Amino acid sequence: MSLEAKFDCGQGAIRAVRFNKNGNYCITCGADRTVKLWNPFKQLKLQTYSGHNQEVLDADCSVDHSFLCTGSADKSVNYIDVKTGQIVRKYKNHLGRVNCVRFNLEESNVILSGSIDGKVFFYDLRSRTYDPLQEIDDCKDSVTHIDLNDHEILVSCLDKRVRLYDVRYGKMKSDYIGFPVTCSTLSKDDQCLLVSILDNSKTSFGRLLLIDKQSGEMLNEYKGHINREYVVESCMNNNSSDVISGSEDGIVYIWDVVEAKVKHKLRHLNPKTVHSISYSPLEDKILTAQEKMVFLWDLTK
């Protein structure tokens with residue numbers, strides 16, 4: 001485990017960092033209302049995108065790397081041309097800040113957005129209308145994270161539930177977790193859900209749960225990190241052998257998925273919260289964000 005690079009993005013606090021679909025570039029979302037495109041391996045800024053009136057909370061890159069979608073505290077979702085920097089479309093249907101945005105995986109012609117208003121909207125980029133193609137309104141609290149595969153959408157919510165939607169059959173499966181859910185992701189083999197929960201009890205400072213996608217059975221539990229106040233992201237590596245999570249003590253924790261023991265700790269500059277992480281889709285590298293800094297780690301060395 002080695003730190004390959006670190007750089008100040010010049011955006012104030014970094015709200016999210018995301019690899020693009022082939023892992024060659026990354027995008028950072030800043031409290032200064034901008035999104036920046038980087039080559040993280042050279043710490044080289046390629047482009048700055050503006051257009052939001054408040055801080056940008058999340059972003060995603062299309063499959064062909066030609067467009068970005070961004071969500072902001074100003075309640076809007078922007079669809080941006082990467083080359084020209086122009087806002088192609090701006091959607092303003094949410095009633096509160098937009099916490100998370102994702103493109104669909106196949107053609108990147110639909111944007112999904114989740115908001116503090118408890119709704120998930122689907123925007124069809126081929127449609128002439130700016131109204132949502134579809135709306136999910138099952139959540140009773142803020143939507144914190146969206147993950148998806150070719151036919152399923154996983155929605156995390158502070159109402160203590162994770163909901164898995166199968167768009168082929170129009171079915172929804174809801175798992176009651178018992179604690180506010182800050183992040184949930186699908187494993188690479190699509191067999192499990194990794195769920196991060198806020199746990200501010202005196203006996204525990206944060207937990208991650210590995211849940212069987214079909215049965216809802218809890219397969220494993222991961223402890224050691226701190227997650228009591230903020231949305232802290234988690235993920236699994238590309239072969240689903242490790243569980244990785246940020247923490248409120250300035251460390252990224254890596255557990256063995258079977259033994260649930262901490263294998264490695266990636267220590268940052270100070271004990272402030274490491275809240276956003278992004279795993280490279282092709283290599284064993286990870287991007288992490290703490291305050292105004294972004295860190296690139298090589299997990300093979």
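The following legends describe close-up views of a predicted model.

Residues are numbered from 1 along each chain as its sequence is written. In this predicted model, local features need pLDDT of at least 70, side-chain atom pairs count only at pLDDT 80 or more, and totals for chains, interfaces and linings use all residues, while side-chain values use heavy atoms, with hydrogens and water left out.

**View 1. The aromatic pair F7 and W38.** Rings of Phe, Tyr and Trp (for Trp, its six-membered ring) are paired if their centres lie within 6.5 Å; planes under 30 degrees apart count as stacked, over 60 as edge-to-face and the rest as tilted. By this rule the model holds nine aromatic pairs. One of them joins F7 and W38, whose ring centres are 4.9 Å apart with the planes at 40°, so this pair is tilted. Because F7 belongs to strand β1 (residues 2-8) and W38 to strand β4 (residues 35-39), the pair ties together parts that are 31 residues apart in sequence. Strands (E, at least two residues) and helices (H or I, at least four) are DSSP runs, numbered from the N terminus. F7 and W38 are both buried, where buried means under 20% relative accessible area, exposed over 50% and partly exposed in between (1.4 Å probe, protein chains only).

**View 2. The aromatic pair F67 and Y79.** Here the ring centres are 4.7 Å apart and the planes stand at 20°, so the pair of F67 and Y79 is stacked. F67 lies in strand β7 (residues 67-72) and Y79 in strand β8 (residues 77-81), so that distant parts of the chain, 12 residues apart, are linked. F67 has 22% relative accessibility and counts as partly exposed, whereas Y79, at 9%, counts as buried.

**View 3. An aromatic cluster and a charge over a ring.** One aromatic cluster is formed by Y91, F121, Y123 and Y130. R89 lies over the face of Y130, 4.8 Å from the ring centre. A charge sits over a ring if NZ of Lys or CZ of Arg is within 6 Å of the ring centre and within 35 degrees of the ring normal.

**View 4. The enclosed strand β19 and its two partners.** Six of the six residues of strand β19 (residues 192-197) are buried, so the strand is largely enclosed by the rest of the structure. In a regular strand the side chains alternate between the two faces of the sheet. Both faces of β19 are covered, with C192, L194 and S196 buried on one side and L193, V195 and I197 buried on the other. Two strands pair if DSSP finds at least two bridges between them. Strand β18 (residues 181-186) runs antiparallel to β19 and is joined to it by five bridges; L186 has L193 as its bridge partner in β19. The hairpin of β18 and β19 has five residues between the strands, and D190 in this hairpin takes a positive phi near 60°. Six bridges connect β19 with strand β20 (residues 207-212), again in an antiparallel arrangement, and C192 stands opposite D212 in β20.

**View 5. The open sheet β14-β15-β16-β17.** Four strands form this sheet in the order given, with antiparallel pairing. β14 (143-148) and β17 (171-176) stand at the edges with a single partner strand each, so one side of each is left without a neighbour in the sheet. Neighbouring strands of the sheet are turned by 15° against each other on average, direction ignored; axes are lines fitted to C-alpha atoms, for helices over the stretch in contact, and angles run from 0 to 180 degrees between N-to-C directions. Strand β16 (residues 161-166) and β17 run antiparallel and are joined by six bridges, with V162 opposite D175 in β17.

**View 6. The open sheet β2-β3-β4-β5.** This open sheet of four strands also has antiparallel pairing. Its edges are β2 (14-19) and β5 (44-49), each with a single partner strand, so one side of each is left without a neighbour in the sheet. The twist averages 20° from one strand to the next. β4 and β5 pair in the antiparallel sense over five bridges, and W38 stands opposite K45 in β5.

**View 7. Positive phi at S108 and A260.** Most residues other than glycine have a negative phi, and most peptide bonds are trans. S108, which is not a glycine, has a positive phi of about 55°. This residue is found in the loop between β10 (98-103) and β11 (110-115), and S108 counts as buried at 8% relative accessibility. A260, likewise a residue other than glycine, has a positive phi near 60° and is found in the loop between β24 (251-256) and β25 (262-267).
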